[in-house]
Each structure stands twice: as C-alpha cells, then as structure tokens.
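I opened my notebook to record what I looked up in one structure. The entries follow in the order of my searches.

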Amino acid sequence: MSLYRAFALEDAIVFAKSIPGFFPADAVLTCEEIGDGNLNLVFRVVNPQQNKSLIIKQALPYAKVVGESWPLSLDRARIEREALEIQYRLCPQLVPAIYGGDNELAITVMEDLSGYTIMRQGLIDGNIYDNFAEHIGHFIATTLFYTSDLGMNQQDKKLQSARFINPDLCKITEDLIFEDPYRDAENNNFTEDIRSEAEKLWQDQALHLEVALLREKFLTHGEALLHGDLHTGSIFVTSDSTKVIDPEFAYYGPMGFDIGAVIANLLLNYAAQPGWSSNHDILRERRAWLLSTISSVWNHFEQNFRNLWNTYGVDSMSKTPGYQDLYIEKILKDAIGFAGCKVIRRIVGLSHVADIDTIENELHRRQAKVTALEIGKRLVKQGRTAASIAQVIEWTEAAAKEGASV
Ligand code: SR1
Ligand code: MG
C-alpha cells in the first residue's frame, strides 16, 4: 500500500526535521504553503532561531489547476529530483541544492531561494537582468550537451533516457501547446474579445502544418535531457545570480524546445510592454532590452555549445566538417518554431502568463494578446527559413507593428 498522502503544514515540519544535519532536533519550526503553480504543493519551513530555511515540494496526484478530474503520475517528483541532480552536477551555480526527497511521498527537499525574485515578476516590475542571458545560455548549452549523444556515452544515454520517460507531463505539453490552440478545444481559455483571433488559428492550415512538424519533433526527437518547462516562472533571479527550478517536465526531447521556452517568455513580456510602460521612451528601452536579451541568450548558448562540442565531444563522426554548423542551424530553427507555439498557447490555451493577464487596462490587455499572437504565428511559420537569431528580432518587430493595427 502506498504511503502517499498530501502533506499538511505539520507533516512538512516533521519531514524537514528528518533531513540529516539541517535543523537541530529541538528546533521550533514554522511552515507555510507558498505554491502558486499549476501542479504542486510547496512548503517553506523556517527555523527563526537559526534564520535558516528549506523548501519541500510535493507533487499532487492530479493537476492542481484543474482538479482531481485530471490525474497525474506522482513519478514526476522523482523525475524532477533526478533532473535537478543532473543539472546541479553540471551547473552547480545555476540550480538550487537538493537536500533530500522521498519517491513514495513524491517529495523533493531543496534550497530556499527566498532572496531571489521569480523572473516573470521581476520583468513585470520593470527590472533588468543583465547577467541572465549569459547564465541561461550556459545552463542550456551545458545541460543539453552533456546529456546528448554528443557529450555522453551513447549507450549510457539510452539508459538515462529510460529514467526520464514522462508520459503524463509530455501529454500536457502535447495537448496544451501542440494541439488545443489549433482547434475549438474544451481546455482552451481565452477572452471573448479575441475570439475572432482564436478562430483564425483554428482555420490556418499553413500554421497547422508547421505546428504538426514541431509536434513531431517533440514526440520523436530524443536529442537531450530537456528541462521541459523553461519559462520565466521556472527561473529565479537576482541582479547577479540565476537559478533554474521545476524540471518536472524533463524528458528526452528536441534541444530547441528549452531555448524556445526562454525566447517565448521574453517575447510574451515584450508583447505586454505597452500595458506596463506608458512612457514611450521607457517602452522603447524595455523592448530593446528584451530583444537584445533574446539575441544574447542565443549567442551565449551557441558559443558555449560549440566550445563544449569542440573540446569535450565524444562522437568522432560529429567532428565531420560542416556537421556542427548544420546541427546548430537545426536547433535555431526548432527554437524559433517552438517559441512561436509557446507564445500562442499562453494566449488561447489553458494556462496563461501574468505578464499579459494582469495588465489592468482592458484595451492594452487585448492589444498585448493580439500582438503576442501575431508574433507567435510569424515565428511558427517562418522558423524553418531562419538563418540567424537576428531574424527573430526583425520578425518580432514587424509582427508587433501588425498586431498594433488589428
Ligand atoms: C496543467 S499544467 C499547465 C502548464 O503549467 C506548467 O508550468 C506547464 O507550462 C504546463 O503546460
Ligand atoms: Mg512548473
């Protein structure tokens, strides 16, 4: 019989005390549930005497955002912890430390990042994170390279990929990102003021063809161990530090998916900017920073990835002249297409982003959604033709102009 039960505050305190050497046995701990995501419980347990704390994350056996009618495997907690352990080993400065866990209780215990801000909120508040692109480019390049056939023994990679079979969470992505927005799906969630824009998505066969090709990559291309949900709500930041959390969607998939997630969420904030920056100079400055950050994320990724490949590549055939360039070009095209899909899903699909939904002014809010959809469609449709990251900037600016006139 399973020992699983959803934790109450007291259970989290008892569990925290069982972590060897963390809190003294007689500590009087406090606990609050701080989870604001779609799927899990998150407890912060504090010892005020020591000014010391930790986080306990527990998976629920269903999607919290929908309810018990949407069951989800608890094995995702093990997958998340094992992915975090791999990412921590590869990029210790960019991932919270793991203190423990329990597969049956679907629990991971980790470093409390209370001094950090969730990047999505930081961007909404108008902050700028000049070290972010370098950090995330390094994180994505390193975690993807060393878990791929380029950077690890290929038989070990097959065994490792078996540990990250994640059907329930992949199904969420397959449905919410690669299917529902393109039909009148029950789980879609959009305001009536953009119904005609949603309906255009359902009719657009050229768009569907590109989405089908991207969906096929997501379903079948096990290139590397992905984070799987690398949006700005999965990233904690300060001005000089970045920490990536929440890899419960981790699985072996196409490399461009993680880069696309970062690009998409910077673009969603870009689309939202007129709702946050009423001053034209500030608007221009914010948007310029977001676009240059997108270029910089890609450039740091590419530079790191090529360096790793040239220095630590384990596959002799991968040294064939020309192969690396074609491989990078494929990742870029995929990243752009995936970014487009990820923008579109946050406007018409089940789960939205605060960057857009919390804009107070109704007209600005609608405008942000229309702009995001224009950007998303353009990236999906043009992705396969891309030759450089500079085109993402061009296409975004052109789509934003078009969106502003709808
Ligand atoms: C039902 S879960 C909805 C979304 O939340 C997660 O963060 C993923 O992005 C997922 O698609
Ligand atoms: Mg998450």
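Two strands pair if DSSP finds at least two bridges between them. I keep that cut-off in mind for my first entry. I also note that this is a predicted model.

I looked up β8 and strand β10 (residues 235-237). They pair in the antiparallel sense over 2 bridges. The cut-off is at least two bridges, so β8 and β10 count as a pair. Which residue in β10 is the bridge partner of I118? I found F236.

Next I asked for the strand order. The open sheet of 3 strands reads β8-β10-β11, and its pairing is antiparallel. Which strands stand at the edges? They are β8 (117-118) and β11 (242-244). Each has a single partner strand, so one side of each has no neighbour in the sheet.

**Entry: the sheet of 5 strands**

I moved on to an open sheet of 5 strands. I wrote down its order as β1-β2-β3-β7-β6, again with antiparallel pairing. The edge strands here are β1 (30-33) and β6 (98-102). Both have a single partner strand, so one side of each is left without a neighbour in the sheet. I then checked how the strands are turned. Neighbouring strands of this sheet are turned by 20° against each other on average, direction ignored.

I took a look at one pair in detail. β1 and strand β2 (residues 40-47) run antiparallel and are joined by 4 bridges. C31 has V45 as its bridge partner in β2.

Then I looked at the loop between β1 and β2, where G35 is found. Is G35 buried or partly exposed? G35 is partly exposed, with a relative accessible area of 21%. Buried means under 20%, so G35 does not count as buried. I also checked the distance from G35 to Q58. They are 23 residues apart along the chain, and their C-alpha atoms are separated by 9.7 Å.

**Entry: a hairpin**

I looked up strand β4 (residues 62-63) and strand β5 (residues 67-71). They pair in the antiparallel sense over 2 bridges. How many residues lie between β4 and β5 in their hairpin? I counted 3 residues. A63 has G67 as its bridge partner in β5.

**Entry: salt bridges**

How many salt bridges does a search of the whole structure find? The search gives 29. I wrote up some of them.

I began with E179 and R215. Their side chains meet in a salt bridge at 3.9 Å, N to O. Why does this pair tie together separate parts of the chain? E179 lies in the loop between α6 (167-176) and α7 (195-203), while R215 lies in helix α8 (residues 205-220), so the pair links parts that are 36 residues apart in sequence. E179 counts as partly exposed at 28% relative accessibility. R215 also counts as partly exposed, at 23%.

D180 and R183 came next. Their side chains meet in a salt bridge at 3.0 Å, N to O. D180 is buried, with a relative accessible area of 4%. R183 is partly exposed, with a relative accessible area of 39%.

I then picked R195 and E199. They form a salt bridge whose closest N and O atoms are 3.5 Å apart. Both lie in helix α7, 4 residues apart, which is about one turn of the helix. R195 counts as partly exposed at 30% relative accessibility. E199 counts as partly exposed at 32%.

Salt bridges that share partners join K57, R76, E80, D246 and E248.

**Entry: ligand 1**

Last, I looked up the surroundings of ligand 1. Which residues are around ligand 1? My list reads N38, L39, V65, I172, L176, D229, H231, F249, R345, R346 and S351.

An N or O atom in the side chain of D229 is 2.7 Å from an oxygen atom of ligand 1. For R345, a polar side-chain atom lies 2.6 Å from an oxygen atom of the ligand. For R346, the distance from a polar side-chain atom to a ligand oxygen atom is 3.1 Å. On its own, ligand 1 has 320 Å² of accessible area, and the protein covers 94% of that.

Note on methods:
Residues are numbered from 1 along each chain as its sequence is written. Chains are lettered from A and ligands numbered from 1 in the order in which they are written. This is a predicted model: local features need pLDDT of at least 70, side-chain atom pairs count only at pLDDT 80 or more; totals for chains, interfaces and linings use all residues. Side-chain values use heavy atoms; hydrogens and water are left out. A salt bridge is a side-chain nitrogen of Lys or Arg within 4 Å of a carboxyl oxygen of Asp or Glu. Buried means under 20% relative accessible area, exposed over 50%, partly exposed in between (1.4 Å probe, protein chains only). A residue is near a molecule or strand if one of its heavy atoms lies within 4 Å of it. A polar contact is a pair of N or O atoms within 3.5 Å; within protein, one must be able to donate a hydrogen and the other to accept it, and residues adjacent in sequence count only if both atoms are side-chain atoms. Accessible areas come from the Shrake-Rupley method with a 1.4 Å probe; for residues, only the protein chains shown count as cover. Axes are lines fitted to C-alpha atoms, for helices over the stretch in contact, and angles run from 0 to 180 degrees between N-to-C directions.
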